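This report describes the strands and helices of one model, taken in turn. Please read it alongside the sequence and the coordinates.

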Amino acid sequence: LSEMLEHEQNLPSVTPDGHEVPLMVNTGLAVDAAALLKSCIGGVGLYRTEVPFMITERFPGEKEQMRLYRSQLEGFAPLPVVMRTLDIGGDKDLPYFPINEANAFLGWRGMRVTLDHPEVLMVQLRAMLRASVGLNNLSILFPMVTNAEEVDDALRLLDRAIVELGEEGMAIKRPNVGVMIEVPATIYQMDALAKRVDFFSVGSNDLTQYLLAVDRNNPRVSGLYDPLHPALLGALQELSQDAQRLRKPVSLCGELAGDPAGALLLMAMGFTSLSMNAPSLPKVRAAIRRVTLSDAQTLLGEIMALDTPAEVHRHLERRFDEWE
Ligand code: PEP
Ligand code: MG
């Protein structure tokens, strides 16, 4: 089977009834083997910039960051690369910037840190913009957004960076900008957010932990941590319908996208692309190439009528057995 899936690697992720769902890859390290996949993916759906920051001894400077970002952008050009601004806090601390909090996941995280430290965010934005000169494949993604004001503040900094670089002789047009939908509050602010940004990207790992109130890293409650919980599926369907009504692309870059059953349900909900870790690409591609959009929509209808996570899992297993 794995040989067969490998053979399919260069084929498009299209259903038998002709619906294409671009598959993208999540990256973190600068020299990433994922670049080898260039011929068979839609680009980078999530570049976690905090990953390279975790292996340095201090905040990398603008030039150093620019080199890192340039290698990502160049490695995948002309495909789009979605660069997420620093998402530290929660479970991701930098050794040179310790954040000690009792409730780290509800604390100083992502945009909350970088908006309190605009000097850090400005260096990062300037480095991303400079790295994109001549390539035009950069998109910028803001993590851990809770309200539209944070987006306004971040966009003001982005515009200031563009003006500064203009004054330094670099004409840069504003890249596409997106927000992560990972704090449940954002599900109810899609209209306000859509006025401000070009696309949405759902972080299902965090959305699961925040919607279900289950720490994503606590083994004691890991049985309750389930992105296929009916509440989460309901939230995902609603927000994807909102994104479609607002005519904004909506991607999902959490682990759920790398699960074949999850991917089919997301496709049926109308997600415009899915971003995952490279090892998940073959099995997700295979699922999409074998199941029609229409069958996936029927499945989604059946799933949405179920009451419990266990029923959802049982039903998916039954259908997948039939399809194999
Ligand atoms: C997520 O929350 O789903 C996500 C993609 O981001 P991270 O796992 O880095 O928090
Ligand atoms: Mg997240």
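Two strands are said to pair if DSSP finds at least two bridges between them. Helices (H or I, at least four residues) and strands (E, at least two) are DSSP runs, numbered from the N terminus. This is a predicted model, in which local features need pLDDT of at least 70, side-chain atom pairs count only at pLDDT 80 or more, and totals for chains, interfaces and linings use all residues. Residues are numbered from 1 along each chain as its sequence is written, while chains are lettered from A and ligands numbered from 1 in the order in which they are written.

**The barrel**

Eight strands form a closed barrel in the order β1-β2-β3-β4-β5-β6-β7-β8, with parallel pairing. From one strand to the next the twist averages 25°; axes here are lines fitted to C-alpha atoms, for helices over the stretch in contact, and angles run from 0 to 180 degrees between N-to-C directions. Helix α11 (residues 281-290) packs on the sheet, where it touches β1 and β8 (273-276), and its direction makes about 165° with that of β1. Contact between two residues requires that their C-beta atoms, placed from the backbone, lie within 7 Å.

| Strand pair | Bridges |
|---|---|
| β1 (residues 23-27) and β2 (residues 44-48) | 3 bridges |
| β2 and β3 | 3 bridges |
| β3 and β4 | 4 bridges |
| β4 and β5 | 4 bridges |

Individual residues mark these pairs. N26 stands opposite L46 in β2, and Y47 stands opposite M83 in β3. R84 has L141 of β4 as its bridge partner, and L141 in turn stands opposite G178 in β5.

Burial is counted from C-beta atoms placed from the backbone: a residue is buried if 20 or more others lie within 10 Å of its own, exposed if 12 or fewer, and partly exposed in between. In β2, 5 of the 5 residues are buried, so the strand is largely enclosed by the rest of the structure. The count for β4 is also 5 of the 5 residues, so β4 too is largely enclosed by the rest of the structure. In a regular strand the side chains alternate between the two faces of the sheet. In β4, L138, I140 and F142 point one way and S139 and L141 the other way, and all are buried.

Helix α5 (residues 118-131) has 14 residues and should span 20 Å at 1.5 Å a residue; its end C-alpha atoms are 19 Å apart, which agrees. The expected span is 1.5 Å times one less than the number of residues. Among the buried residues of α5 are L121, V123, Q124, R126 and M128. The buried residues of α5 pack against α3 (62-76), β3 (81-84), α4 (111-116), β4 (138-142) and α6.

A171 lies in the loop between α6 (148-167) and β5 (176-181). A171 counts as exposed because it has 8 C-beta neighbours inside 10 Å. Its C-alpha atom is separated by 8.5 Å from that of V133, 38 residues apart along the chain.

**Helices α9 and α10**

The axes of α9 (residues 230-245) and α10 (residues 260-269) come within 9 Å and cross at roughly 35°. L233, L236, Q237 and S240 in α9 meet L265, L266 and M269 in α10. These contact residues divide into 5 nonpolar, 2 polar and no charged, where Ala, Val, Leu, Ile, Met, Phe, Trp, Tyr, Cys and Pro count as nonpolar, Asp, Glu, Lys and Arg as charged, and the others, Gly among them, as polar.
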